[in-house]
Amino acid sequence: IRRSGDGPTLHPMDKLRLDLDEIWSGGCGLRRSPSGQVYGAGLPRIMFGPTRWQGKATAGFVHVDEFGPLETSGGTFSANMYLILPPNNDDDKTQSMRPALQIWPLSIPVNEWEALAPRLRHLLSAQDAAGQVELRAALGDPVEVCAEPGDLVLFCVQRPHCAVGFGGEGIRVSLQCFLNFEGSERRIEIDS
């Protein structure tokens, strides 16, 4: 808790946890290890420009954080709170709206998953530009999510996604945690 002129203020990830705990029927709290150790409530992410992945063909490194078919009964979500964003372009030093994230609204039926999984796993883990270009061509156009400082973006980490790269000497600072959802009556667990 930090103090401001109006009194104490919560860390943004603590506020998210407490808000979810109040509104979600099963509650929300920090995940614990089998031995009872409490996991962290989130991590800062800092990207300095120019980033490795940028431009239309490879705007960012496409990946998934959890590999498996989507299920409506559970999943892992990423909560990203943007604090600082790079300028829109090298000539524009303002923080105008720019895509911060790309997400592919991909949903593979469970009965097709086994046939597609090996190729997807290879492409989603390839660190080379050619593999990323091939993956982007196979996935089609992404949904681009614009953000401003202070915005919170939630998305399912089983969907292919990427942080959009940028040129110049800009910086992107965000806070991120994972929300583990295991059904509407179960507690949401947060970890980093």
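Glu114 is exposed, at a relative accessible area of 64%. Exposed means over 50% relative accessible area, buried under 20%, and partly exposed in between, with a 1.4 Å probe and protein chains only. Glu114 sits in helix α2. Helices here are DSSP runs of H or I with at least four residues, strands are runs of E with at least two, and both are numbered from the N terminus.

## Basis of the model

The model is predicted: local features need pLDDT of at least 70, side-chain atom pairs count only at pLDDT 80 or more, and totals for chains, interfaces and linings use all residues. Residues are numbered from 1 along each chain as its sequence is written, and side-chain values use heavy atoms, with hydrogens and water left out.

## The whole chain

The protein chain holds 3 helices and 11 strands. Read from the N terminus, the order is β-β-α-β-β-β-β-α-α-β-β-β-β-β.

Of the 192 residues, 38% are buried. The exposed surface comes to about 10900 Å², and carbon and sulfur atoms supply 54% of that area. Accessible areas come from the Shrake-Rupley method with a 1.4 Å probe; for residues, only the protein chains shown count as cover.

## Helix α2 against helix α3

Helix α2 covers residues 110-125 and helix α3 covers residues 129-139. They pack at about 130°, and their axes are 8 Å apart. Axes are lines fitted to C-alpha atoms, for helices over the stretch in contact; angles run from 0 to 180 degrees between N-to-C directions. The pair is therefore oblique. Oblique is what remains after roughly parallel (under 35 degrees), roughly antiparallel (over 145) and roughly perpendicular (65 to 115).

The α2 and α3 crossing is left-handed. That term applies if the near helix is turned anticlockwise from the far one by less than a right angle; clockwise is right-handed. On the α2 side, Arg119, Leu123 and Leu124 make the contact. They meet Gly131, Gln132, Glu134 and Leu135 of α3. By class, this contact has 3 nonpolar, 2 polar and 2 charged residues. Nonpolar covers Ala, Val, Leu, Ile, Met, Phe, Trp, Tyr, Cys and Pro; charged covers Asp, Glu, Lys and Arg; the others, Gly among them, are polar.

Leu120 is buried, with a relative accessible area of 14%. Beyond neighbours within four places in sequence, Leu120 contacts Phe67, Ile108 and Trp113. Leu120 and Leu135 are 15 residues apart along the chain, and their C-alpha atoms are separated by 8.2 Å.

## Two further buried positions

Leu16 lies in helix α1, residues 12-23. Leu16 is buried at a relative accessible area of 11%. Not counting residues up to four places away in sequence, Leu16 touches Ala79, Leu152 and Cys177. Ile190 is 174 residues from Leu16 in sequence, yet 10.0 Å away C-alpha to C-alpha.

Ile188 is in strand β11, residues 188-191. Ile188 is buried, with a relative accessible area of 7%. Leaving aside neighbours within four places in sequence, Ile188 contacts Trp24, Gly27, Cys28, Gly29, Leu179 and Asn180. The C-alpha atoms of Ile188 and Gly27 are separated by 6.4 Å, with the two residues 161 apart along the chain.

Note on methods. Contact = heavy atoms within 4.5 Å.
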